[in-house]
Amino acid sequence: MILQSFKLLGFLDVKNVPCARESVLYGSLGSLVLGLGHFLATSRVRRSCDFAVGGFIFTMLGCWFYCRYNFAQHRIRQRMLREGMKNKILFEGSSLDPERKQTGNERSNS
């Protein structure tokens with residue numbers, strides 16, 4: 001059985017793009033809540049549908065930007081950690097090792 005990816009609007013691959021799935025799901029929930037809430041408050045069907053579409057767009061974009069921001073921050077932290085680990089391995093045991101205790105003789109030479 002071959003699993004095909006779902007493309008929203010023909011170009012947004014929901015399965016492979018980070019944050020796309022969560023954004024669409026939260027947007028759908030926001031659409032339902034806002035549209036149904038407006039309908040129960042006013043009993044105007046067309047206007048409630050407009051609110052539902054607007055709720056979907058704003059909720060989806062809000063979740064998308066929040067998730068992508070956190071994703072970018074996470075990747076930056078990963079890159080910094082990777083560089084730190086590489087430097088730790090590179091400088092371990094040398095005079096540049098920050099964890100190595102320097103003697104008085106080494107301090108005066110630096």
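## Overall architecture

Followed along its sequence, the chain of this predicted model runs in the order β-β-α-α-α, a pattern made up of three helices and two strands. Of its 110 residues, 15% count as buried, and the chain exposes about 9300 Å², of which carbon and sulfur atoms supply 63%. Among contacts between residues at least 6 apart in sequence, 43% join residues that are at least 24 apart.

## Helix α2

Just after α2, Gly 93 adopts a positive phi of about 85°.

Which residues of α2 are buried? They are Ser 48, Ala 52, Gly 55 and Met 60, and the elements that cover these buried residues include α1, at residues 20-42. An α-helix has 3.6 residues a turn, so residues three or four places apart point the same way.

## Annotated transmembrane regions

An unreviewed UniProt entry places the feature "transmembrane region" at residues 24-45 and at residues 51-71. In the model, residues 24-45 are 91% helix and 0% strand, with end C-alpha atoms 23 Å apart. Residues 51-71, for their part, are 100% helix and 0% strand, and the C-alpha atoms at the ends of this span lie 29 Å apart.

Notes: Residues numbered from 1 in each chain as written. Predicted model: local features only at pLDDT ≥ 70, side-chain atom pairs only at ≥ 80, totals over all residues. Heavy atoms only, no water. Buried < 20%, exposed > 50% of the residue type's maximum accessible area, 1.4 Å probe, protein only. Helix = DSSP H or I, 4+ residues; strand = E, 2+ residues; numbered from the N terminus. Contact = heavy atoms within 4.5 Å. UniProt positions renumbered as here; feature names shortened; annotations may be inferred. Areas by Shrake-Rupley, 256 points an atom, 1.4 Å probe, with all protein chains shown as cover.
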